[in-house]
Amino acid sequence: MAERAPSLVNPMTPGDLNVVIVGAGPAGIRAAQTLVAAGVRPIVLDENMRWGGQIYRQPPENAGFTRSKQALYGFEAAKADAVHNAMAALLPQVDYRPETLVWACDPKRLHTMHGGREIPVAFSHLIIASGATDRVLPLPGWTQPGVYTLGGAQVALKAQGCAIGEQVVFAGTGPLLYLVAYQYAKAGANVVAVLDTSAFAAQAKAAPRLLNQPATFAKGLYYVGWLRARGVRIEHGVTLEGIDGTNGVRAIRWQRAGRRHALECSAVGLGYGLRPETQLADLAGCRFVFDDLNRCWLPERDAAGRSSQPGIYLAGDGAGIAGADAAELAGRRAALALLEDIGIASPCVPGAPDAATLERKLASIRRFREGIEQVFALPEDPAARWPDDMLVCRCEEVSARTLRECVRVDGVTEINRLKALTRVGMGRCQGRMCGEAACHVLADASGQTFAQVGRLRAQAPIKPIPIAPMLFDENVAAIPDEARDE
């Protein structure tokens, strides 16, 4: 938990502010709603074409297919509708900028790309609601065409109205594993199996903690029961061994209790829960601390969402995985903290919880998350089973052997040193897909814990951007001729 960042000394009026919210998912939308109610008009930057975030992703307006919200979101249809409607009502009162990628952050200025142009966005206060991405652990064959992250498979279904293959296996662990399998099967896709690396006994043992959020727990049980009732094979406690195929997926292999199995399929959805998107907070100068619950490095924040940097606030899954309900609560709480810090009274919104209630509800959800992490624990020391010739970083084609030899020959013990010597994490994804796997390899090869090897420091651009606009845009510093020649 971060120490509270100092507040501004003098109260500010709405006209003095330039508040920017990054992300238009549940956290960003509720933060904007709270600010607007207090008379503040924020800028809302959204990478997607339409608001809602990943969990409540909307199809493009010209998608060419029509599916009801009940079909798209299932049990969460009413929540999705409420979030969508809230943002739609806010549009006249916010500066909403969809399809805008935030790729860097300087003091009091964001760098964004929109329509192929670099557009700097100044801010006096910043709420980062950047969301999460899939936690990926590789296995042999994971670079085959037809292997998707669980989030990618979900995007295909929600935004493109299609399945990732004709015979789909979902593998890994985490609540998203069963949710996406349920969504696919309910949409009519052929879900062959769900392969869960977590043991059923561990899941049963954690049930009392999950009863802290009985409705959410019941939904999880429903998904599993619904899949079983429709003949979807569910295997617990598996060890994934590889994905077979040459120019596409042909089968997936695993073992359990010493017995090996193979299952024919044409696509695999792979994932081990979610990982917070923290790169922007890193570039903004926020302090980080290793979080045992999320099993990763997170930007420090207090209970209200204040980061270690004055004027910068954190909300939603980008600051720690807690789900859509918690994201809405955290977005409201961060906005209230911002208003308090600048001397603007909290708005009186009928039915909206106050700050103390928001913090109490967030604490309750965290206790539930502790149970979830016990139920869906990551495989122990996964890198120990990865063969030398397996690619860890697909962008730079860095194998497990290369990483291990760097540890053995050069004595590397820290992840950024490993990155400098091997280029792992220097590709288009900037370590967002391979960074965690590289840390696992380094920890295993050097005999350290996962926390001890450190974290990959973020560097701009945090996501791929086109180069041509950067060369000629007047908002970007001129690039010396000798640098261009290189």
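**Labels and their grounds**

Modeller: Arginine 306 and aspartate 302 are both buried. Keep in mind that this is a predicted model.

Colleague: How do you know that the side chains of arginine 306 and aspartate 302 meet in a salt bridge?

Modeller: Their N to O distance is 3.3 Å. The cut-off is 4 Å between a side-chain nitrogen of Lys or Arg and a carboxyl oxygen of Asp or Glu, so the pair qualifies. Salt bridges with shared partners also link Glu76, Lys79, Lys219 and Asp325 into one network. By this rule the count comes to 25 salt bridges.

Colleague: What makes aspartate 244 buried or exposed?

Modeller: Aspartate 244 has a relative accessible area of 18%. Buried means under 20%, so aspartate 244 is called buried.

Colleague: Which label does arginine 253 get, and why?

Modeller: Arginine 253 has a relative accessible area of 28%. That value lies between the 20% and 50% limits, so arginine 253 is partly exposed. The side chains of aspartate 244 and arginine 253 form a salt bridge, at 2.9 Å from N to O.

Colleague: Why is the pairing of arginine 97 with aspartate 95 called a salt bridge?

Modeller: The closest N and O atoms of arginine 97 and aspartate 95 are 2.8 Å apart. The limit is 4 Å, so the label applies. Arginine 97 is partly exposed at 26% relative accessible area, and aspartate 95 is partly exposed at 24%.

Colleague: What makes serine 307 buried or exposed, and where does serine 307 lie?

Modeller: Serine 307 has a relative accessible area of 0%; the limit for buried is under 20%, so serine 307 is buried. Serine 307 lies in the loop between strand E19 (296-299) and strand E20 (312-314). A polar atom of the serine 307 side chain is 3.0 Å from the backbone nitrogen of glutamine 309.

Colleague: How does the span of helix H11 compare with the expected one?

Modeller: Helix H11 (residues 355-375) has 21 residues and reaches 31 Å from first C-alpha to last. At 1.5 Å a residue, 30 Å is expected, and the span is close to that.

Colleague: Which residues of H11 are buried, and what do they pack against?

Modeller: Among the buried residues of H11 are Leu358, Leu362, Ile365, Phe368, Arg369 and Glu373. The buried residues of H11 pack against helices H5 (175-186), H6 (200-205), H7 (207-210), H8 (214-229) and H10 (324-342).

Definitions and conventions
Residues are numbered from 1 along each chain as its sequence is written. This is a predicted model: local features need pLDDT of at least 70, side-chain atom pairs count only at pLDDT 80 or more; totals for chains, interfaces and linings use all residues. Side-chain values use heavy atoms; hydrogens and water are left out. Helices (H or I, at least four residues) and strands (E, at least two) are DSSP runs, numbered from the N terminus. Buried means under 20% relative accessible area, exposed over 50%, partly exposed in between (1.4 Å probe, protein chains only). A polar contact is a pair of N or O atoms within 3.5 Å; within protein, one must be able to donate a hydrogen and the other to accept it, and residues adjacent in sequence count only if both atoms are side-chain atoms. The expected span of a helix is 1.5 Å times one less than its number of residues. Contact means heavy atoms within 4.5 Å.
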